[in-house]
Amino acid sequence: MTIDKDDLLNSIMESLDRIQHIKSEDIPGIDLYMDQVTTFMENRLKNTSRNPESDKVLTKTMINNYAKNDLLPPPVKKKYSKEHVLMLIFIYYFKGILSINDIQTLLEPVSRKYFQTDGNIDISRIYDEVFSLEKSQVEVLKEDILHKFETAQGIFEDAPEEDREFLRMFSFVGLLGFDVYIKKLLIEKMVDELRKSGEQEKGK
């Protein structure tokens with residue numbers, strides 16, 4: 001197995017540089033019908049999917065299921081506001097690592113307290129604050145990936161030459177996978193605490 005390590009690493013770094021979230025000001029300020037929402041999300045997020053040519057970012061069925069499971073407030077006269085779209089973007093990013101129940105627990109306070117509110121903090125403000133951290137985090141992530149890659153390249157020195165590249169690549173994937181696993185456990189722990197807190201509030 002022959003792997004161009006430099007080409008692989010450069011490809012990873014370039015893909016990280018291309019990551020861009022949807023800016024809140026780019027979301028239409030008028031209410032949209034469901035078809036318009038799915039088209040907007042498809043156009044803006046398609047390139048973040050694994051298989052852009054075939055993967056669907058958002059479908060009518062998904063939106064209906066999100067509303068049914070209380071992840072998304074119901075539309076008004078079949079129209080979705082900018083706040084609805086922001087909630088859908090959060091759902092899109094969370095659904096790759098969390099269950100529907102966990103996402104509902106995480107977003108319920110946001111929907112209840114900050115959805116279409118006149119207060120100083122609303123969903124747009126939360127969205128902008130969260131994603132304002134993106135650029136600095138991408139740089140941190142690139143450094144971490146480079147460190148893991150170099151660490152994996154330093155092992156299996158005694159392996160047969162024909163196996164060495166695969167074993168090092170497998171180790172690199174293992175390091176990345178362990179990192180994701182630990183962070184997923186941490187997120188789930190935090191969601192569980194939010195759920196307990198919410199149940200205690202309801203019990204008062």
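Guide: Happy to. Let's take a nonpolar surface patch, so here is what that means: its residues have over 30% relative accessible area and no salt bridge, and their nonpolar side chains are joined within 5 Å. Keep in mind as we go that this is a predicted model.

The patch to look for is made by F178, Y181, I182 and L185, and its area is about 410 Å². Take L185 as your way in. You'll find L185 in helix α8, which covers residues 161–203. Is L185 buried, exposed or partly exposed? Its relative accessible area is 39%, so L185 counts as partly exposed.

Now for a contrast, go to K148 in helix α7, residues 134–153. The cut-off at work is 20%, since anything under that is called buried. What does K148 touch, once its neighbours within four places in sequence are left aside? The contacts are F172, L175, L176 and D179.

From there, let's step back to the whole chain. The protein chain has eight helices and two strands, and reading along the sequence gives the pattern α-β-α-α-β-α-α-α-α-α. Its C-alpha atoms fill a box of roughly 65 × 40 × 30 Å along the principal axes. The surface comes to about 13,600 Å², with carbon and sulfur atoms supplying 53% of that. Of the 204 residues, 30% are buried. Among contacts with a separation of 6 or more, 65% are between residues 24 or more positions apart.

So what about the nonpolar side chains on the inside? In soluble globular proteins, nonpolar side chains tend to be buried together. In this model, the largest nonpolar core has 32 residues, and the ones touching the most other members are V37, M41, L58, I63 and L88. Two or more residues each come from α2 (34–45), α3 (60–68), α4, α5 (100–114) and α6 (123–131). The largest share, eight residues, belongs to α4. To see the packing from one spot, stand at V37: beyond residues up to four places away in sequence, V37 touches L32, L58, I63, Y80 and L88. There is also a second, separate core of nine residues, which includes L16, V138, F149 and M169.

The whole structure has eight aromatic pairs. One of them is F90 with F94, a stacked pair at 6.2 Å centre to centre and 15° between the planes. Both sit in α4, residues 82–94, and they are four residues apart, about one turn of the helix. Y92 is buried because its relative accessibility is 14%, while Y93, at 33%, is partly exposed. Ring pairs join F90, Y92, Y93, F94, Y127 and F131 into a cluster.

Last stop, two loops. Most residues other than glycine have a negative phi. D70 is not a glycine, yet its phi is positive, about 65°. D70 lies in the loop between α3 and β2 (79–80), and its relative accessible area of 53% is why D70 counts as exposed. Q116 also has a positive phi without being a glycine, at about 50°. Look for Q116 in the loop between α5 and α6; at 45% relative accessibility, Q116 counts as partly exposed.

Notes:
Residues are numbered from 1 along each chain as its sequence is written. This is a predicted model: local features need pLDDT of at least 70, side-chain atom pairs count only at pLDDT 80 or more; totals for chains, interfaces and linings use all residues. Side-chain values use heavy atoms; hydrogens and water are left out. Patches are made of residues with over 30% relative accessible area and no salt bridge: like charges are joined within 9 Å, nonpolar side chains (Val, Leu, Ile, Met, Phe, Trp, Tyr) within 5 Å. Accessible areas come from the Shrake-Rupley method with a 1.4 Å probe; for residues, only the protein chains shown count as cover. A salt bridge is a side-chain nitrogen of Lys or Arg within 4 Å of a carboxyl oxygen of Asp or Glu. Buried means under 20% relative accessible area, exposed over 50%, partly exposed in between (1.4 Å probe, protein chains only). Rings of Phe, Tyr and Trp (its six-membered ring) pair if their centres lie within 6.5 Å; planes under 30 degrees apart count as stacked, over 60 as edge-to-face and the rest as tilted. Contact means heavy atoms within 4.5 Å. A nonpolar core is a set of buried Ala, Val, Leu, Ile, Met, Phe, Trp, Tyr and Cys residues joined through side-chain atoms within 4.5 Å.
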